[in-house]
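I opened this notebook to record what I looked up in one structure. The entries follow the order of my reading.

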Amino acid sequence: MKSTSLLLSGALSATVPLVSAGEIIWSGIFNESYTVENFDEWSWSNQVPPWQWYIHGSGDTATYLEVSPDFRNPDSTLADEAKGVRITIDDTSSWNGQTMMRSELIPQTTEDLGSGTLFYHFSLSVPAVPDETLEHQLAFFESHFTEIKYGGADGTSLSWYAGGTSQWTAELKANTWYNFAYGIDFSASTVALYASTGADPLEQVVEGVSASTSTNSADWHVGELRLDNGNAGGSEDWYWSGVYIESGDVTVDV
Ligand SMILES: *[C@@H]1O[C@H](CO)[C@@H](O)[C@H](O)[C@H]1NC(C)=O
């Protein structure tokens, strides 16, 4: 009996990687049956999960969004992730008369996304490097306490800002998947950054930085905001995959 269980546990530890994993409290992962039409089922009077879709330009949804296996990190190990989403901004992407171009999805959930320690996961990739003369804001909260920027003062880098200061950068190359998790401790008011590329597991690249961590659970903007300010920046595609929020321990597998 003893040797059997020893053998078993030996076999298990050899084949099952020791991945610590938290509990997914909200998932924006696209399964096989998800199509672009699903985004339009959401409205202020029909707030169906998992995504709010209202920050975009005057075109129809298919102008700005598409879901396809082509837009998923091919190295994703997430169960049920069959597709990723292409989120496009172009010169029609003014929302509410603003001079910035915006296409942004926001989680729709009744869960509390702003207490304890949570990990906000996302991966992004571009098929062509976007205009680096214009500032872009990506994966930001309304108060911008944590966000990725690209372009403008950051040039051709993806730059992680927390508490209003750039803390980490990586050159943005086309056809590369950049995997991230914001590790947000809403009690201690800190944010840490986990990052990797391609199939590599996430690593903590910046320890917790002080920031004014808060969310109303409906203000994490997954997509792009580009500060055109009257300069027509043209059409840009960004691919997003592996977007979910977990509590507990961080999952490092992409
Ligand atoms: C696919 O995802 C949608 C939205 O998250 C969900 O409502 C649906 O139940 C899922 N379908 C399957 C077959 O898992």
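This is a predicted model: local features need pLDDT of at least 70, side-chain atom pairs count only at pLDDT 80 or more; totals for chains, interfaces and linings use all residues.

Residues are numbered from 1 along each chain as its sequence is written, and side-chain values use heavy atoms, with hydrogens and water left out.

**Entry on the sheet.** I looked up the strands, which are DSSP runs (E, at least two residues) numbered from the N terminus. Seven of them form an open, antiparallel sheet in the order β2-β5-β14-β7-β8-β9-β10; two strands pair if DSSP finds at least two bridges between them. Because β2 (51–55) and β10 (165–171) each have a single partner strand, one side of each is left without a neighbour in the sheet. I then read that β8 (residues 146–150) and β9 (residues 157–162) pair in the antiparallel sense over five bridges. Tyr150 stands opposite Leu158 in β9.

**Entry on Lys149.** I found Lys149 in strand β8. Its relative accessibility is 14%, so Lys149 counts as buried (under 20% relative accessible area, with a 1.4 Å probe and protein chains only). The side chains of Lys149 and Glu135 are joined by a polar contact of 3.3 Å (a pair of N or O atoms within 3.5 Å, one able to donate a hydrogen and the other to accept it).

**Entry on Phe186.** I located Phe186 in the loop between β11 (178–185) and β12 (190–197). Phe186 counts as buried because its relative accessibility is 11%. The C-alpha atoms of Phe186 and Leu113 are separated by 9.6 Å, and the two residues lie 73 residues apart along the chain.

How values were computed
Helices (H or I, at least four residues) and strands (E, at least two) are DSSP runs, numbered from the N terminus. Buried means under 20% relative accessible area, exposed over 50%, partly exposed in between (1.4 Å probe, protein chains only).
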